[in-house]
Amino acid sequence: MTMPAMKRNEEERRKYPRYDAELKVYFRVTYDVKTRVEFEVLESSRKDELRHKYSGLCRNVSAEGLCFSSAKKLTEGDILLLEVYEPAVRTPVKMEGQVRWSKRLAAKPGEKERYRTGLKL
């Protein structure tokens, strides 16, 4: 049995294999100082927004990236500070990643919006 051509080409583009995983992820959105920060005084309510920690569920990982779902809408280029929790381990693995893509997932009526996001670590 052969793989469909599209699937075969998609896998050939990847440098490293992906592994299915179900890991809890917490993240904060940072800002790239070189390109995104404008010199202005932030309102105190907005400072808290920058420190907010979001949660998500990792779906798969590779040596240089991961994919997770969360309720937070992210934009290509966003820099995230991550804490990834492995099962039965108390100390998270801390890492930084850049959003490569983020897509809205189909939601059933009455459900909150969710997004699937791919990061390059």
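Colleague: Happy to look at this with you! Why is Lys-53 called partly exposed?

Modeller: In this predicted model, Lys-53 has a relative accessible area of 35%. Buried would need under 20% and exposed over 50%, so Lys-53 falls in between and counts as partly exposed.

Colleague: And what makes the contact of Lys-53 with Glu-83 a salt bridge?

Modeller: Their side chains meet at 3.2 Å, N to O. The cut-off is within 4 Å, so the pair qualifies. Lys-53 sits in the loop between helix 3 (44–51) and strand 2, while Glu-83 belongs to strand 4 (residues 79–85). The two are 30 residues apart, and the pair links distant parts of the chain.

Colleague: Is Glu-83 buried or exposed, and how do you know?

Modeller: Glu-83 has a relative accessible area of 14%. That is under 20%, so Glu-83 is buried.

Colleague: Nice. How do you know that Glu-64 and Lys-15 form a salt bridge?

Modeller: The closest N and O atoms are 3.9 Å apart, and this is within 4 Å, so the pair counts. Glu-64 lies in the loop between strand 2 (54–61) and strand 3 (65–70), and Lys-15 in the loop between helix 1 (5–13) and strand 1 (19–30), so the pair ties together parts 49 residues apart in sequence.

Colleague: Why is Lys-15 called exposed?

Modeller: Its relative accessibility is 63%, which is over 50%, so Lys-15 counts as exposed. Glu-64, at 25%, is partly exposed.

Colleague: How many salt bridges does the count come to?

Modeller: Three. Arg-104 and Glu-113 also pair, at 3.1 Å, N to O.

Terms used: Residues numbered from 1 in each chain as written. Predicted model: local features only at pLDDT ≥ 70, side-chain atom pairs only at ≥ 80, totals over all residues. Heavy atoms only, no water. Helix = DSSP H or I, 4+ residues; strand = E, 2+ residues; numbered from the N terminus. Buried < 20%, exposed > 50% of the residue type's maximum accessible area, 1.4 Å probe, protein only.
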